[in-house]
Each structure stands twice: as C-alpha cells, then as structure tokens.
Amino acid sequence: LISFKAPIISNRRVIAAGIAGYIGINAAAFLAGLEIGLQKGLYSPYGVRVTIPALSGSHLLFFGWIEALVTALIVKYLQQQEPALIKA
C-alpha cells in the first residue's frame, strides 16, 4: 500500500520494504512464540505467558529494526544496480 504505483527507483519502495521487513519478522516471532508456548512440556518448559513476550519483545525492540534496515538497504542497492530484479 505504501509503494502503490511508485516508480521502481522511488524512496517510497525502500520505506515500504523496510516496514514490510519489520512487520514480517515480528509476526514470525509472535507466531513462533505461540507455537513454542503451546507445546509446554514437550519441547519447552515455559508456557505462552513466557514465550510470546520473550520472542516478541526482543524482535520488537532490537531485531525488527535490524531487519528493517537490512531489507531497506538491499532494496536501495537493487534499485541502483539492477532495477529489473525488483520490477513488479
């Protein structure tokens, strides 16, 4: 939605990619925490009350921003070097 009809070399695409990376890794961390927490006793001694905050918290505060930065930088690099690779 952010980069809708934006040119290939637009900065809106870079921002959209960064936001998508941040949301994607945080959604994956939440679902992984849910999955691990629901298997209490089988693979993990902790329940959902521990696993979701542990995984989501670290990703919301730290790893999500790294993912957003790396994704945005990769898209920016591809825009400059090989824009045909990101053509929608």
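1. Ser10 is found in the segment that comes before helix α1. Helices here are DSSP runs of H or I with at least four residues, strands are runs of E with at least two, and both are numbered from the N terminus. Ser10 counts as buried because its relative accessibility is 16%. Buried means under 20% relative accessible area, exposed means over 50%, and partly exposed is in between, with a 1.4 Å probe and protein chains only. The side chain of Ser10 reaches the backbone nitrogen of Arg12 at 3.1 Å. A polar contact is a pair of N or O atoms within 3.5 Å; within protein, one must be able to donate a hydrogen and the other to accept it, and residues adjacent in sequence count only if both atoms are side-chain atoms.

2. A word on the source. This is a predicted model, in which local features need pLDDT of at least 70 and side-chain atom pairs count only at pLDDT 80 or more, while totals for chains, interfaces and linings use all residues. Residues are numbered from 1 along each chain as its sequence is written, and side-chain values use heavy atoms, with hydrogens and water left out.

3. The protein chain has two helices and zero strands. Its radius of gyration is 17 Å, well over the 12 Å that the globule rule gives for 88 residues, so the chain is more spread out than a compact globule. The radius is taken over C-alpha atoms, and the rule is 2.2 Å times the number of residues to the power 0.38. Along the principal axes, the C-alpha trace spans about 50 × 20 × 20 Å.

4. Of the 88 residues in the protein chain, 31% count as buried. The accessible surface of the chain comes to about 6,300 Å², and 71% of this belongs to carbon and sulfur atoms. These areas come from the Shrake-Rupley method with a 1.4 Å probe; for residues, only the protein chains shown count as cover.

5. Phe4 is in the segment before α1 and counts as exposed, at 58% relative accessibility. Its C-alpha atom is 9.5 Å from that of Ala16, twelve residues away along the chain. Lys5 lies in the segment before α1 and is exposed at 73% relative accessibility. The phi angle of Lys5 is near 60°, a positive value in a residue other than glycine.

6. What does the buried side of α2 pack against? The buried residues of α2 pack against α1. Among these buried residues are Thr51, Ser56, His59, Gly64 and Ala68. Helix α2 also has a kink of about 55°, centred on Leu60. The bend at a residue is the angle between axes fitted to the seven residues ending there and the seven starting there.

7. Asn26 is in helix α1 and is buried, with a relative accessible area of 10%. A polar atom of its side chain lies 2.7 Å from the backbone oxygen of Tyr22. Neighbours within four places in sequence aside, Asn26 is in contact (heavy atoms within 4.5 Å) with Ser56, His59, Leu60 and Gly64. Gly64 lies in helix α2 and is buried at 0% relative accessibility. With its own neighbours within four places left aside, Gly64 is in contact with Tyr22, Ile25, Asn26 and His59. Gly64 and Tyr22 are 42 residues apart in sequence, yet 4.8 Å apart in space, C-alpha to C-alpha. For the chain as a whole, residues 24 or more positions apart account for 54% of the contacts with a separation of 6 or more.

8. Which residues make up the largest nonpolar core? They are Val14, Ala17, Ala72, Val75 and Ile86, five residues in all. Helices α1 (11–38) and α2 (48–81) each supply at least two residues of this core. A nonpolar core is a set of buried Ala, Val, Leu, Ile, Met, Phe, Trp, Tyr and Cys residues joined through side-chain atoms within 4.5 Å. Leaving out residues up to four places away in sequence, Ile86 touches Ile8, Arg13, Val75, Leu78 and Gln79.

9. Glu82 is partly exposed, with a relative accessible area of 40%.
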